[in-house]
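Hi,

Here is the model we talked about passing on.

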Amino acid sequence: MSVKDRHYDIIIIGTGAGGGTVAHELAPTGKKILLLERGEFLPREKDNWNPTEVYQKQRYYTDEEWCNKEGKTFKPQTCYWVGGNTKVYGAALLPLRERDFEEVQHKGGISPAWPLKFPDFAPYYTKAEKLFNVHGKRKEDPTEPPAEADYPYPPVSQEPFMQRIVDQLSQLGFYPFHLPVAIKLNEVDKTLSECIRCDTCDGFPCLVHAKGDAEVNCVRPAQTHSNLTLLTGAKVVRLHTSESGQEITAVETKIGEQKHLFSADLVVVSCGAINSSALLLRSANDSHANGLANSSDQVGRNFMKHLATAMVSLQDEPNESVHQKTIGLNDYYWGEPDFPYPMGMVQNTGNVKAGMMPADSPPLLAPYVKLTPENVLEVMAKHTTGWWLQTEDLPVPNNRVQWINGKLHLDYTPNNTEARDRLIYRWTSILKAVERSTKHVIPFGIYPRNYLPLSAVAHQCGTCRFGVDPQTSVLDINCRTHDVDNLYVVDGSFFPSHSGVNPTLTIIANAIRVAEHLKERMGVPDLAGLGEVISRK
């Protein structure tokens, strides 16, 4: 197939966790599929593992600029590559807790209930874990929801220094668990392991394609099917509707300097919560004056991104661990006795490298060592353990994406900050108790800020919430827009609330769920069921 083909059974816009998964699930159906990606394949180069290039120079993030609520421009930390943001994510894949699907009272307000509950997602979580090679161990985390099966792969082992932290936390009465991560690691037979267990994983592209990401695990396998066409460098600029406004008739796409119109029976938008809503808003027409599928005035609203803090504990003893992103802790997920409100999750970051640290880090060690600033950073990096704290932010209508005069505006004011600050305080005190030789526990934003800035949008959710009421939601429970019959949004946009865990596994699970619905709508037979019948015969 070529760009000359114009009509398809289904067009999927975006190749991240949502779009890539839908493409993977639909490719075996034989249906004519067009997969559009505005970026290219991320280059495999030595700089994939260069901390200065990746963190300080932000080599793999977009150069485009967005505007904040004051109208000032900033560069978002988001990726436009085949595989989307999963190319640089930390690969921690956890399901929402059962209670996350219910209405939850937070210190800062209400987290609304979902129209579907945990049992509706449970079988798809199991499929998602298998699809993305998740390594983990059941029944270590007391907040973990029930699972239909064990993790498909054993947990990533703790290296001695990290195991000591686990043991000390356990002795203090906490419940650290092996962080579920999507990597292609074989610790039984390293000759068969695609993952080499390196010290540049979290936040870095994987040079050896051993991270479970949407390009490697979904798009490349989908490309083996001749009925699927992938077009890279193809930015969708607008969706056109029929005169009635009830169906998408054309997907306007810019490839190079030329614009092309493609059509399909079904259209799936999966550009990430921010860009998906921006696409709908800039596709306004006479039938959808407030933006496409926006009769509820909810498109772009209720944007969420986690209240995240990067923290390092600085010890006298060097941390020799090669791969540090192995520990999770949810003891304060639902709060504590004198604070009965959710506080959030704690997990390791990847290894802290000297090239990741901000320029103002050397003074932190200056009173203790007399070295050049460059050497100070090297010493500091070898004596640190990285931690990532995330607290749920709540859906607020005025935290929103807007499209104004050809510019994407991201209006966001953090909320639920008391719970975040309490988690930081509590974890700092725990680290001091765990390692009495610790000279400092230093919270710092890698970029540098105390808290991750607006530009850090990796955990973006909301903006096109799903629900049963068209007046208060954009999507129905199958992620089809209430207003446009053949238009779906399948990424983090559909979240009514955020939860305190990483959203990616839920995005993948939901994409598998929606793909099953799309197969039914397209009249695809149950291939799995047919296979069972044939095997029985």
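Where is the place of Arg197? Arg197 sits in the loop between strand E9 (181–182) and helix H5 (214–222); helices here are DSSP runs of H or I with at least four residues, strands are E runs of at least two, and both are numbered from the N terminus.

Before the rest, a note on the basis: this is a predicted model, where local features need pLDDT of at least 70 and side-chain atom pairs count only at pLDDT 80 or more, while totals for chains, interfaces and linings use all residues. Residues are numbered from 1 along each chain as its sequence is written, and side-chain values use heavy atoms, with hydrogens and water left out.

Back to Arg197: it has a positive phi of about 50° although it is not a glycine. At 14% relative accessibility it counts as buried (under 20% relative accessible area, with exposed over 50% and partly exposed in between, 1.4 Å probe, protein chains only).

Asn302 is also a residue other than glycine with a positive phi, near 65°. You'll find Asn302 in strand E14 (residues 301–304), and it is buried, with a relative accessible area of 4%.

Then there's a helix pair. Ala17, Gly18, Thr21, Val22, Glu25 and Leu26 in H1 meet a set of residues in H9, including Ile507, Ile508 and Ala511 (contact means heavy atoms within 4.5 Å). By class, that contact of H1 with H9 has nine nonpolar, three polar and two charged residues (Ala, Val, Leu, Ile, Met, Phe, Trp, Tyr, Cys and Pro count as nonpolar, Asp, Glu, Lys and Arg as charged, the others, Gly among them, as polar).

Cheers
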